[in-house]
Amino acid sequence: MTEQLQELERRIEEHPLWRLPGEQRLQDTARWQELWLLVMRRKGFLQKVERRLQSQENVLAEDEDELQSARFSGAGRRRQQYDSCAFAESLRAAVKGYAPEKGGSFLAYFDAIYEKDLHRAANREQGQRQESAQPLTRWETNLWKELCRLTEKRGLDPRELPARFYVELADVLGVRPEQLERVIRKCSATRWITSLDREEDDPLPEPEDLSARSEMDRLESVQLVMESIALFAERDAAEYPRLFFTTDVLAPMRAQEPTVDPTVYCALLEKQEPLLWARVFPRGYIDFVFLPPPAPDTLRHLLAARMGHPLQDSTIAAFKEVTPAAVSYQRKRYTTAMRLLAAQLRD
C-alpha cells in the first residue's frame, strides 16, 4: 500500500465525524461531504468518475456494464466496482451505524455493507429486465456459485465461457456438460442470483464482528467437521482426498497459533475416532507427519506428538514425491468437491 493510501485510511479512521452520535453525523454537512470524498478517493471511485466524465464513450453503458458484472463477481472484486446509487446508500448506512468505540475498522464495516448493497442493486436491475424469468433451484444455485468461483480464478466470465472449457469445468464440478450449459443459460435470464457469499439478506454487520470474521469462519467449520467425516467416509475416497481431508481436519488441532482450543477440538474429533482411523487417515501419511513418542495411534497422541512435517499441502507433495503443482491441481478438485459436500450438509 502506498503512503498516499495509508494517509487516506488514517484520515478516514480518525475522522472527527466519529465524535458525533450516529444520528447527528449526516447533519454535519461539511464533515460529511469531506468523508464522502475521502472514501471515494480511497476506493478509487473518484478517479473512475473523473475518467468517465472525460471519456468520449457512452458513460451510461459503462455504468450499466459495471453494475451487471457485479452479479457475477465474488465479494472481494465486487467491492472494487462502482455504482453511485449503491455507494451513496451504503455510505450513509455505514456512517450512521459505525461505532468506533467497538474497535472495528470503518472501511471494513463499509465494505461489508457495500458489497451486499451493490449485489442487490445489480439483481434489481436484472429483475426489471427479466420479470418473468424462472428462479434457480437450490442445486442450481450451489452449482452456479462453484462455477463463478472457478471462472473468477481463471479470469473468465461465466456468461461467455469458451466452448473448450465446458467439459473441463463440468468434470471438476461433477456434472454433465449439458447440465452446466443449461444452468448458465438459465442464470443469464434469472431475476435473482444468490450471492456468492450469502444465502440470504443479512442485517447490517456489527463492526466488531468484521475483525473476528476469519476466526468465526473457522469455528463454524469445526461444527461441520463431525458431519462431514461421517459422510466423507461413506464414499469411495481416493488417496488424495483422504490426504487433504486428514490435513485439513488435523491442522486446527496442531496449528502454531490455534484459532480454536486444541483440546476441545480434539474432543470433538474423538466422537468419530474409530471411523477416522478405519476409513479416513492414511496410516503412512500419519507416520510421515508425526514423530513418536507417543506412538501416533490415537487423536490424543497426535495432539501430544512431535511433528516431523507441518500439516500443509507441501508436506503432501513431499510424502507423495510429486511436484507442488501436481498437488495444487488435485487440491482444486478436492476443494470443489468439499464445497458441494458442505452445501449438501446445509440443505
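**View 1. Surroundings of Ile316.** Leaving aside residues up to four places away in sequence, Ile316 touches Tyr240, Leu243, Phe244, Thr247, Tyr285 and Val327 (contact: heavy atoms within 4.5 Å). The model is predicted: local features need pLDDT of at least 70 and side-chain atom pairs count only at pLDDT 80 or more, while totals for chains, interfaces and linings use all residues. Residues are numbered from 1 along each chain as its sequence is written, and side-chain values use heavy atoms, with hydrogens and water left out.

**View 2. The largest nonpolar core.** This core has 27 residues, and Ile316 is among those with the most contacts inside it, as are Leu250, Leu269, Phe281, Phe290, Leu299 and Leu302. A nonpolar core is a set of buried Ala, Val, Leu, Ile, Met, Phe, Trp, Tyr and Cys residues joined through side-chain atoms within 4.5 Å. Helices that each supply at least two residues include H14 (239–250), H15 (262–270) and H20 (324–346); the largest share, 6 residues, comes from H14. Helices are DSSP runs (H or I, at least four residues), numbered from the N terminus.

**View 3. A separate core of 26 residues.**

**View 4. Lys43 and Asp111.** Lys43, in helix H3 (residues 29–43), counts as buried because its relative accessibility is 10% (buried: under 20% relative accessible area, 1.4 Å probe, protein chains only). Its side chain makes a polar contact with that of Asp111 at 2.7 Å (a pair of N or O atoms within 3.5 Å, one able to donate a hydrogen and the other to accept it).

Notes. Buried < 20%, exposed > 50% of the residue type's maximum accessible area, 1.4 Å probe, protein only.
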